[in-house]
Amino acid sequence: IIKTNKMNVNCLNIDAPFEVFELFGFHSGKDTDKFDDFKYIKRSENGLYYITDSTNAYISAKVVTATDLGTHTLFLADVTIAKFFLAVLM
């Protein structure tokens, strides 16, 4: 995010397996290439990856400010696009 000033946020559905939370939620992109072996990805209009499986939507944004909080960075961003996927109910 800091290198590109862009980011994507995935909105996971209730069926998302724990492995998705484990990989993308418990690991830092500084230490881990989260997309290295993950096969359910595509690139959005901003050129960054988003998750295609277990996802209801994704939001792309451009960073306005980044504030170093010591253990984390707080990003303030403007939404540039939001895509929602229709779920088929049976």
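Asn-5 is placed in the segment before strand S1 (6-12), where strands (E, at least two residues) and helices (H or I, at least four) are DSSP runs numbered from the N terminus. The model is predicted, so local features need pLDDT of at least 70 and side-chain atom pairs count only at pLDDT 80 or more, while totals for chains, interfaces and linings use all residues. Residues are numbered from 1 along each chain as its sequence is written, and side-chain values use heavy atoms, with hydrogens and water left out.

Asn-5 has a positive phi of about 60° although it is not a glycine. With a relative accessibility of 39%, Asn-5 counts as partly exposed; that class lies between buried (under 20% relative accessible area) and exposed (over 50%), for a 1.4 Å probe and protein chains only. Ser-54 also has a positive phi, of about 65°, and is likewise not a glycine. Ser-54 sits in the loop between S3 and S4 and is buried, with a relative accessible area of 10%.

Taken along the principal axes, the C-alpha atoms fill a box of roughly 45 × 25 × 20 Å. Of the 90 residues, 23% are buried. The chain exposes about 6900 Å², and carbon and sulfur atoms supply 57% of that area; accessible areas come from the Shrake-Rupley method with a 1.4 Å probe, and for residues only the protein chains shown count as cover. Contacts are defined by heavy atoms within 4.5 Å. Among contacts between residues at least 6 apart in sequence, 50% join residues at least 24 apart.

The charged side chains number 9 positive and 11 negative, and the centres of the two sets lie 9 Å apart. In this count Lys and Arg are positive and Asp and Glu negative, with His and the chain ends not counted. Each charge is placed at NZ of Lys, CZ of Arg, CG of Asp or CD of Glu.

One of the lysines is Lys-34, located in the loop between helix H1 (18-25) and strand S2 (41-43). Lys-34 counts as buried because its relative accessibility is 18%. Leaving aside residues up to four places away in sequence, Lys-34 touches Leu-23, Phe-24, His-27, Ser-28 and Gly-29. A polar atom of the Lys-34 side chain lies 3.1 Å from the backbone oxygen of Phe-24. The C-alpha atoms of Lys-34 and Asn-5 are separated by 18 Å, and the two residues are 29 apart along the chain.

The next loop, between S2 and strand S3 (49-51), holds Ser-44. Ser-44 counts as buried because its relative accessibility is 8%. Its side chain makes a polar contact of 3.0 Å with the side chain of Asn-8, and a polar contact of 2.5 Å joins the side chains of Ser-44 and Asn-46. A polar contact is a pair of N or O atoms within 3.5 Å; within protein, one must be able to donate a hydrogen and the other to accept it, and residues adjacent in sequence count only if both atoms are side-chain atoms. Not counting residues up to four places away in sequence, Ser-44 touches Asn-8, Tyr-50, Tyr-58 and Ser-60.

A search of the whole structure finds seven aromatic pairs. Rings of Phe, Tyr and Trp (its six-membered ring) pair if their centres lie within 6.5 Å, and planes under 30 degrees apart count as stacked, over 60 as edge-to-face and the rest as tilted. Tyr-50 and Phe-85 form a stacked pair, 6.3 Å centre to centre with 15° between the planes. This pair links distant parts of the chain, since Tyr-50 is in strand S3 and Phe-85 in the segment after strand S5 (73-84), 35 residues apart. Tyr-50 is buried, with a relative accessible area of 10%, whereas Phe-85 counts as partly exposed at 35% relative accessibility.

Phe-85 also pairs with Tyr-58: the ring centres are 6.2 Å apart and the planes stand at 35°, so the pair is tilted. Tyr-58 lies in strand S4 (residues 55-68) and Phe-85 in the segment after S5, so this pair ties together parts that are 27 residues apart in sequence. Tyr-58 is buried, with a relative accessible area of 3%. Elsewhere, ring pairs link Phe-24, Phe-35, Phe-38, Tyr-40 and Tyr-49 into a cluster.
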